[in-house]
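Okay, thanks for coming, everyone. Have a look at the sequence and the structure while I talk you through a few features.

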Amino acid sequence: MASLRRLLDKISQVSSNEKGSEIISEESIESIRKELQVLKAGDLDVFKVLKKNWVYRGERYNVACKVVEKKTNYVVCVFFLRPRARIPLHDHPSMHGFLKVLCGSLEIVGYNQSPYNKEAASNGCIPSSGFTHCRGPVITLSSQDNPCVLTPVHGNIHELKALNEPVAILDVLVPPYDEDKERDCHYYCVAEESQDGKWVRMKEVPDDYYGFTCIPVDYIK
């Protein structure tokens with residue numbers, strides 16, 4: 001628990017120092033990543049949750065969430081995914097995110113924001129029109145890997161998929177989702193791809209498009 005407390009204290013310090021800024025310094029990012037790296041599954045008692053049947057009101061769920069700490073400037077949660085379960089394409093408006101796999105293996109497909117700019121397009125830097133994001137590499141993370149970091153423009157839209165075993169992920173968002181401050185979560189699908197597959201046009205979809213439900217850990221048996 002000492003490792004978790006140090007992490008929460010560091011996140012609180014960083015989010016307070018850089019309050020109101022959409023860009024967190026590299027030094028601050030590294031300081032959070034360093035604390036995340038030493039965190040272990042036992043620090044959050046994740047195996048107890050993974051052993052549950054994940055049933056609520058007679059229905060079995062594939063994704064569950066436990067809030068570890070939520071403040072005005074940040075939120076820390078643990079997401080639990082059954083084998084092959086996924087969290088579909090979603091965004092994190094004006095937010096930084098940190099993902100640390102506590103157990104299992106996770107596949108991440110992320111997209112980097114690439115707003116249309118005529119000058120850049122004429123120089124061959126980005127496609128001429130229509131494509132809003134650049135597809136990043138598919139990343140596979142396990143508990144042995146370094147935490148993954150997303151920014152307001154890098155990897156901000158992503159999809160998470162568990163591989164062949166249950167997964168527990170520690171998720172840190174600075175700042176947290178807040179609909180009143182235009183930081184609501186939106187879901188997406190890829191509407192169009194460039195011929196080389198690198199560039200895509202995203203399309204926002206309704207919240208129930210994927211039939212995705214994340215249930216609080218306290219609800220499941």
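Let me start with a term: when I say contact, I mean heavy atoms within 4.5 Å. And when I name helices (H or I, at least four residues) and strands (E, at least two), those are DSSP runs, numbered from the N terminus.

Now the ground rules. This is a predicted model, where local features need pLDDT of at least 70, side-chain atom pairs count only at pLDDT 80 or more, and totals for chains, interfaces and linings use all residues. Residues are numbered from 1 along each chain as its sequence is written, and side-chain values use heavy atoms, with hydrogens and water left out.

Let's begin with H1. Which of its residues are buried? They are Ser3, Leu4, Leu7, Leu8, Ile11, Val14 and Ser15. By buried I mean under 20% relative accessible area; exposed is over 50%, and partly exposed is in between (1.4 Å probe, protein chains only). Looking down the axis of H1, those buried residues fall within an arc of 135°, so they line one face of the helix. The arc is taken from the directions from the helix axis to the C-beta atoms. On the face turned away from that buried side, H1 carries the exposed residues Ala2 and Asn17. And what do the buried residues of H1 pack against? H2, E3, strand E4 (75-81) and strand E11 (167-174).

A quick check on the length of H1: at 1.5 Å a residue, its 16 residues should span 22 Å, and the end C-alpha atoms are 23 Å apart, which agrees. The expected span there is 1.5 Å times one less than the number of residues.

Next, charges. Side chains of opposite charge can pair when their charged atoms come close. I'm counting a salt bridge as a side-chain nitrogen of Lys or Arg within 4 Å of a carboxyl oxygen of Asp or Glu. How many does the structure hold? Eight salt bridges.

Glu69 is buried, at 14% relative accessible area, while Arg5 is partly exposed at 39%. Asp9 joins in as well: Arg5, Asp9 and Glu69 are linked in a network of salt bridges.

Then there's Arg86 with Glu159, where the closest N and O atoms are 2.4 Å apart. Arg86 lies in strand E5 (residues 86-90) and Glu159 in strand E10 (residues 157-162), so that pair ties together parts 73 residues apart in sequence. Arg86 is partly exposed, with a relative accessible area of 36%, and Glu159 is buried at 18%.

A local one, too: Arg33 and Glu30 meet in a salt bridge at 3.4 Å, N to O. Both lie in helix H2 (residues 26-37), three residues apart, about one turn of the helix. An α-helix has 3.6 residues a turn, so residues three or four places apart point the same way. Arg33 is partly exposed at 24% relative accessibility, and so is Glu30 at 43%.

On a 1 Å grid over the protein atoms alone, a cavity is a set of points where a 1.4 Å probe fits but cannot get out, and a pocket is an open set with protein on both sides within 12 Å along at least five of seven lines; lining residues have an atom within 4 Å of a point. Grid points are joined across faces, edges and corners, and a volume is the space filled by probe spheres set on the points.

The largest pocket has a volume of about 450 Å³. Its lining has 20 residues, and Cys65, Phe79, Asp171, Leu173 and Tyr177 lie nearest its centre. E3, E4, E5, E10 and E11 each supply at least two residues of that lining.

As for cavities, the search of the whole structure finds one of 30 Å³ or more. Gly97, Phe98, Leu99, Cys148, Val149, Leu150 and His158 line the largest cavity.

Last, a backbone detail: a cis peptide bond joins Val174 and Pro175, with omega about -10°. Pro175 sits in the loop between E11 and strand E12 (187-193).
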